[in-house]
Amino acid sequence: MHATQDLSILSLVLNASILVQLVMLLLLSLSVASWTIIFRKGMALKAVRQDTERFERDFWSGGDLNTLLQGAMRNKEQAACLERIFESGMQEFLKGREIDGARRAMKAAYQREMDALEANLPFLASVGSVSPYIGLFGTVWGIMNSFRGLANVQQATLASVAPGIAEALVATAIGLFAAIPAVVAYNRNAADIDRLSIRFETFIEEFSNILQRQQQARS
């Protein structure tokens, strides 16, 4: 009787060829990095949404714009994204009373905030698109090794091929394990950022109208 071969995941990984093990290690590293970004980005976007809602309540409560500006300038480090956009436009308006200048300043601040919010999203997209192919490469290489080993065997059996094919398929599984969460997180974060972008752009238009009315009232 032949001893039953150990086909546990750990055994397959440990007994895989060096190249397949390197592929698995790369995929696990990508997975750890993407999960780190997923958690950090999720917490950051949640904080941005809460800060945006807080500033919108303060802004539309009818408070003095100069008071809001002073608050934004005092707490630059903790200021909300929308608060920094407001600060840029208000300061520019106070300099020359020009609506176009204030709008351009807010657009520039808006772009900086969007660049910060979108940071690391390309990495998640890359992990989601590339990981399955990296895993497939490890699988193909492992299967090739299994069939090469059959060249020295007079009678090929499923038992002699199964371990090599199984360890090769583990690489594909790890590739999918890295790719699927990255794709889901990318789509969710991209949707959240798009909603924030619409809120920011809407605020810029509404605040520009407020400044224009003030300018007309003083002229």
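Is R199 buried, partly exposed or exposed? With a relative accessible area of 26%, R199 is partly exposed, where buried stands for under 20% relative accessible area, exposed for over 50% and partly exposed for values in between (1.4 Å probe, protein chains only).

## Basis of the model

The structure is a predicted model, in which local features need pLDDT of at least 70 and side-chain atom pairs count only at pLDDT 80 or more, while totals for chains, interfaces and linings use all residues. Residues are numbered from 1 along each chain as its sequence is written, and side-chain values use heavy atoms, with hydrogens and water left out.

## Salt bridges

Side chains of opposite charge can pair when their charged atoms come close. Seven salt bridges are found in a search of the whole structure, a salt bridge being a side-chain nitrogen of Lys or Arg within 4 Å of a carboxyl oxygen of Asp or Glu. One of them joins R199 to E56, with the closest N and O atoms 2.6 Å apart. Because R199 lies in helix α7 (residues 158-218) and E56 in helix α2, this pair ties together parts that are 143 residues apart in sequence; helices here are DSSP runs (H or I, at least four residues), numbered from the N terminus.

A second bridge links R84 with E113, the closest N and O atoms being 2.7 Å apart. R84 belongs to helix α4 (residues 81-96) and E113 to helix α5 (residues 99-117), so the pair connects parts that are 29 residues apart in sequence. R84 is partly exposed at 26% relative accessibility, whereas E113, at 9%, counts as buried. R54 and D58 are separated by about one helical turn, because they stand four residues apart in helix α2. Both are partly exposed, R54 at 29% relative accessibility and D58 at 35%.

## Aromatic pairs

The structure holds 11 aromatic pairs, counted where rings of Phe, Tyr and Trp (its six-membered ring) have centres within 6.5 Å, with planes under 30 degrees apart called stacked, over 60 edge-to-face and the rest tilted. The rings of F59 and F207 have their centres 5.6 Å apart and their planes at 85°, so this pair is edge-to-face. Since F59 lies in helix α2 and F207 in helix α7, the pair ties together parts that are 148 residues apart in sequence. F59 and F207 are both buried.

F207 also pairs with F203, and this pair is stacked because the ring centres are 5.7 Å apart and the planes stand at 20°. F203 and F207 are four residues apart in helix α7, which means that about one helical turn separates them. The relative accessible area of F203 is 2%, and F203 is buried, while F207 counts as buried at 0%. One aromatic cluster is formed by F55, F59, W60, F86, F203 and F207.

Helix α4 has 16 residues and reaches 24 Å from its first C-alpha to its last, close to the 22 Å expected at 1.5 Å a residue, where the expected span is 1.5 Å times one less than the number of residues. Its buried residues include I85, F86 and F93. Just after α4, R97 takes a positive phi of about 55°.

Helix α5, with 19 residues, reaches 27 Å from its first C-alpha to its last, close to the 27 Å expected at 1.5 Å a residue. Among its buried residues are Y110, E113 and M114. In the loop between α5 and α6 lies N120, a residue other than glycine with a positive phi near 75°; N120 is partly exposed at 44% relative accessibility.

S34 is found in helix α2 (residues 18-60) and is buried, with a relative accessible area of 1%. Not counting residues up to four places away in sequence, S34 touches F123, L124, V127, A178 and A182, contact meaning heavy atoms within 4.5 Å.

L176, found in helix α7, is partly exposed at 39% relative accessibility. Leaving aside neighbours within four places in sequence, L176 is in contact with P132 and P181. L176 and G128 are 48 residues apart in sequence and 8.5 Å apart in space, C-alpha to C-alpha.

Definitions and conventions. Helix = DSSP H or I, 4+ residues; strand = E, 2+ residues; numbered from the N terminus.
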